[in-house]
Amino acid sequence: DQEESTQKSAGKLMLLLEDVMEQVFPMNQVVYAVHTNTENMHLHFIVNTVGVDGKKIHMDCDFMKKVLQPIVNEKAVRNTKKKLFHFHKERCFYVN
């Protein structure tokens with residue numbers, strides 16, 4: 001909502017994402033951006049599927065739903081008492 005789409009909340013969201021990415025992709029580079037210019041603050045992220053250790057990770061939309069969604073929501077509930085991750089299968093894609 002509008003009250004949560006502030007610069008302060010954006011910073012919290014970025015810290016939450018950093019924590020999640022370190023847990024899920026500890027050996028991979030991640031780039032992300034938080035959008036605060038809409039009614040629905042949200043973020044986009046890109047993960048380099050080849051880790052610094054040379055190993056390739058394989059993820060698809062099911063990975064997003066089964067792995068990322070539970071971890072993000074567990075951390076979000078712990079920090080904000082709300083679930084943050086809403087999975088949109090039609091918006092899920094990856095580039096090989």
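Let me start with F25: at 4% relative accessibility it counts as buried, where buried means under 20% relative accessible area, exposed over 50% and partly exposed in between, with a 1.4 Å probe and protein chains only. A word on the source: this is a predicted model, in which local features need pLDDT of at least 70 and side-chain atom pairs count only at pLDDT 80 or more, while totals for chains, interfaces and linings use all residues. Residues are numbered from 1 along each chain as its sequence is written, and side-chain values use heavy atoms, with hydrogens and water left out.

Back to F25. The structure holds one aromatic pair, and F25 forms that pair with F63, tilted, at 5.9 Å centre to centre and 40 degrees between the planes. Rings of Phe, Tyr and Trp (its six-membered ring) pair if their centres lie within 6.5 Å; planes under 30 degrees apart are stacked, over 60 edge-to-face, the rest tilted. F25 sits in the loop between helix 1 (7-24) and strand 1 (30-35) and F63 in helix 2 (residues 61-80), so the pair ties together parts 38 residues apart in sequence. Helices (H or I, at least four residues) and strands (E, at least two) are DSSP runs, numbered from the N terminus. F63 is buried too, with a relative accessible area of 19%.

Next, the hairpin. Strand 1 and strand 2 (residues 42-47) pair in the antiparallel sense over six bridges; for strands to pair, DSSP must find at least two bridges between them. Six residues lie between the two strands of this hairpin, and H35 stands opposite H42 in strand 2.

Y32 is in strand 1. Is Y32 buried or partly exposed? At 26% relative accessibility, Y32 counts as partly exposed. Leaving aside neighbours within four places in sequence, Y32 is in contact (heavy atoms within 4.5 Å) with M14, L17, E18, H44 and F45. The side chains of Y32 and E18 make a polar contact at 3.0 Å. A polar contact is a pair of N or O atoms within 3.5 Å; within protein, one must be able to donate a hydrogen and the other to accept it, and residues adjacent in sequence count only if both atoms are side-chain atoms.

Last, N28, in the loop between helix 1 and strand 1. N28 counts as buried at 13% relative accessibility. A polar atom of the N28 side chain lies 2.7 Å from the backbone oxygen of N48.
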